[in-house]
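Let us take a friendly walk through a protein model, one piece at a time.

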Amino acid sequence: MSEVQISACPACVAAPAAEEAAHARDVQDTRFVLSLPAIYCAACISGVERELTKQPGVRAARVNLTLKRAQIEAEESVSVDNLISALTSAGYEAYELDASAISATETDKKGRAILTRIAVSGFAMMNVMLLSVAVWSGASDVTRDLFHWISAAIALPAIAYAAQPFFVSAWGALRAKRLNMDVPISLAILLAGGMSLFETMESGHHAYFDAALSLTFFLLSGRYLDYRTRSVARSAAEELAALEVPRATLVDGTVVSIKDIAKGDFVRVVPGARVPVDGIVVEGASELDRSLLTGESLPVEAGVDTVVSAGEVNLTGPLVVKVTAAGEDSSLHRMADLVAMAETSRNKYTSLADRAAQFYAPAVHLLALAAFLGWVVATGDIRLALNIAVAVLIITCPCALGLAVPAVTTAASGRLFRAGMLIKSSTAIERLAEVDTVVFDKTGTLTEGRPELSNLSDIPKDMQSVAMALAAGSAHPLSLALFDAARAADVMPAAVTDIREVPGQGVEGQFEGQTVRLGRATWLGADALGQTATYLKVGDAEAVAFTFIDHLREGADEAVAALKKQGKDVVLLSGDGPAAVAELATRIGIDAWDAECLPETKALRVAELTRSGRKVLMVGDGLNDTAALAAAHVSISPASALEATRVVSDMVLLGKSLAPLGEATQVSVSATKRIKENFNIAALYNLVAIPIALAGYATPLAAALAMSASSVTVSLNALRLRGKP
Amino acid sequence: MNVLVYLIPISIFLGGLGLAAFFWTIRSRQYDDPDGDANRILTGDYDDHPKD
């Protein structure tokens, strides 16, 4: 498109805008990366891009639907929170990813390198195959030799380039005096190439150039699938932006890194911020949300001399905290140590593929060696014996095995990704399939940790409007919930004047000559109920209680019902009080529950279940769950969880809903079944092909057929997972 | 059989052309977002202004 505008063309009048929009699609210098777990269609792509480019200061935005991400190029002044809230109000869920941590170019380079190798081996394979078909259909003497020479000229450089990943890995294993799957692969490729070159020089009848190349091609394809699944999961799961505060504000206003804070410093914590250190309050009054640390859903009162821990959220008033421990010594870090201990116990899991490789690699070598020795003894012809040994190696080579696992995990994780789940660990699907007990955390996992007003209709209309007016004057979660509920019920706020917030207590105002107060029971002199509630007192009248229940997370009841239907035991372990836990357990249909669990208790309970032979799936989001998550057989956390929690989890739920859990367990069971089926298919091919090869009847044509047929069947079997389980 | 002298180089050249084209698609990042590209053709955003 030229820059010159020709006014004779009516469409060009609109062109500048269109051109700007189109240019905006190419993101040059990424400033933000957003995770968009819920997008799935063409309308979502243009919707998100249009919404983002509409924001002032955003120069360009591009959505990647495969990774469910958006890259944004913007001016310095643009804050990512504004972008996220703009997207949220437009109906798209969005989370920030750490742009600097996403080494997109690095991973892309690796993926492209494998793709290039696949292309080279595929190109060479097809050309050599064409020549081989001519040989198989009867080309003889000089023609055959010529064709073999041309094949060698194409195949040998192609192998030298394309099969490098196998050689490198095999050499590494051999140097460490181990055997891995790549050792028989490299041996088969090298021997096939070398033997065929020798046969070509000697004008022999059979050359295995095509087999060596198709082996490389199929195995590289498996490698690429494997790589792709892992890189997508790893990058997104680990780089969801950290929620932990890396900085703290000192009393004099200077902002310093957590690392530079010493014991005895005074730190200011504004309302809405996370407490960055462990310490004691020396000034101010407020309320603290401890749900991420302890699972308590009720905010806790904080005043002078209250002990606070890193990770708590300050709700109402500014606080000054004297630091007692920071960084390495803080409670956040002690929790991390607990996790490290629990983690070591889980790393012992060997995947199905590893178990197969442990048995397979030595077996293949022994078989080929036996074939070679047997034929040498029987005929004394070393060249014939070597030919047969190569045929055995090629035919048994784990082509189907190399594809068996990656093809299935790619299909399975692709399906789970579409359902909104990220798989971080490569063995997570296999482990999830074995699960028979599911342990849930309450606050933040089954519930959103967000209160919901439950008794609005029991309260007189005039009280409702007074409470609504007072609630509007505070950012406390209970006030916000009260205000939302009142607005949803079309209540109009009363004309309350002189509204002021009393930190740590509540809100106070004047209404028709009377003092009205909304806040804690103790502040109003009311009797506190046994559940989450706030109280309204008008003048000297009796205080009225507004009770709250914890808002259920979307899909929580569905997930619990689905898991129970699959015959799994569901357990609820919470750090919250018994009343709240019991109420939720009955609401959602969980029979086994435990309240007031400390982080250690949760981990202990999970360990106990494991000792009694259970395979536990732990679903949790808080720091108090991390040890239990690490101790469980497999663990899942929502994207809203703290970074430390997500790091120890095997899977991350990208969306808000818990509903994918039921599907995940189902998919994992069928995925494991498919992997085992694939092993059986591969074994079946070998059962037929090995005796033929041992007997010396295997031709290059038979090897090519067996290899391609088994690889294709295995891949097709894996693809069945994409549909219904 | 003399025809082989032409045919084999031609077939290898054509295959090489395909390989070069594939390299170009990798270089120009056409495999970064297959799902997105499949969906983008369905929007009308570029209908009167092809993306350059």
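What percentage of the 725 residues in chain A do buried residues make up? They make up 48% of them, where a residue is called buried if 20 or more other C-beta atoms lie within 10 Å of its own, exposed if 12 or fewer and partly exposed in between, with C-beta atoms placed from the backbone.

## How to read this model

This is a predicted model, in which local features need pLDDT of at least 70 and side-chain atom pairs count only at pLDDT 80 or more, while totals for chains, interfaces and linings use all residues. Residues are numbered from 1 along each chain as its sequence is written, and chains are lettered from A and ligands numbered from 1 in the order in which they are written.

The model scores ipTM 0.82 and pTM 0.70. Another score is pLDDT, the predictor's confidence in each residue, from 0 to 100. For chain B its mean is 81, and 85% of the residues of chain B reach 70 or more. Where pLDDT is low, the predicted coordinates should not be read in detail.

## The two chains

Chain A has 25 helices and 26 strands. Both are DSSP runs numbered from the N terminus: helices are H or I with at least four residues, and strands are E with at least two. Chain B has two helices and zero strands, and buried residues make up 4% of its 52 residues.

## Domains of chain A

The domain assignment, which is automatic or from a database, gives chain A domain 1 (23-102), domain 2 (106-234 + 355-410 + 669-722), domain 3 (247-341), domain 4 (420-448 + 553-668) and domain 5 (449-551).

Look at where domains 3 and 5 of chain A touch: 16 residues of domain 3 are in contact with nine residues of domain 5. On the domain 3 side, β9 (286-289) and β10 (300-302) of chain A are the elements that give two or more residues. By class, this side has six nonpolar, eight polar and two charged residues. Here Ala, Val, Leu, Ile, Met, Phe, Trp, Tyr, Cys and Pro count as nonpolar, Asp, Glu, Lys and Arg as charged, and the others, Gly among them, as polar.

## A sheet of seven strands

Now find the open sheet with the order β14-β26-β25-β24-β15-β22-β23 in chain A, whose pairing is mixed; two strands pair if DSSP finds at least two bridges between them. β14 (421-423) and β23 (592-594) of chain A are at the edges with a single partner strand each, so one side of each has no neighbour in the sheet. From one strand to the next, the twist averages 20°; the axes behind such angles are lines fitted to C-alpha atoms, for helices over the stretch in contact, and angles run from 0 to 180 degrees between N-to-C directions.

In a regular strand the side chains alternate between the two faces of the sheet. Strand β15 (residues 437-440) of chain A is covered on both faces: A:T437 and A:V439 on one side, and A:V438 and A:F440 on the other, are all buried. β15(A) pairs in the parallel sense over four bridges with β22 (residues 569-573) of chain A, where A:F440 stands opposite A:L572. It also pairs in the parallel sense over four bridges with β24 (residues 616-619) of chain A, and there A:V438 has A:L617 as its bridge partner.

## A sheet of six strands

The order β16-β21-β20-β19-β18-β17 describes a second open sheet of chain A, with antiparallel pairing. At its edges are β16 (447-453) and β17 (497-502) of chain A, each with a single partner strand, so one side of each is left without a neighbour in the sheet.

How values were computed:
Two residues are in contact if their C-beta atoms, placed from the backbone, lie within 7 Å.
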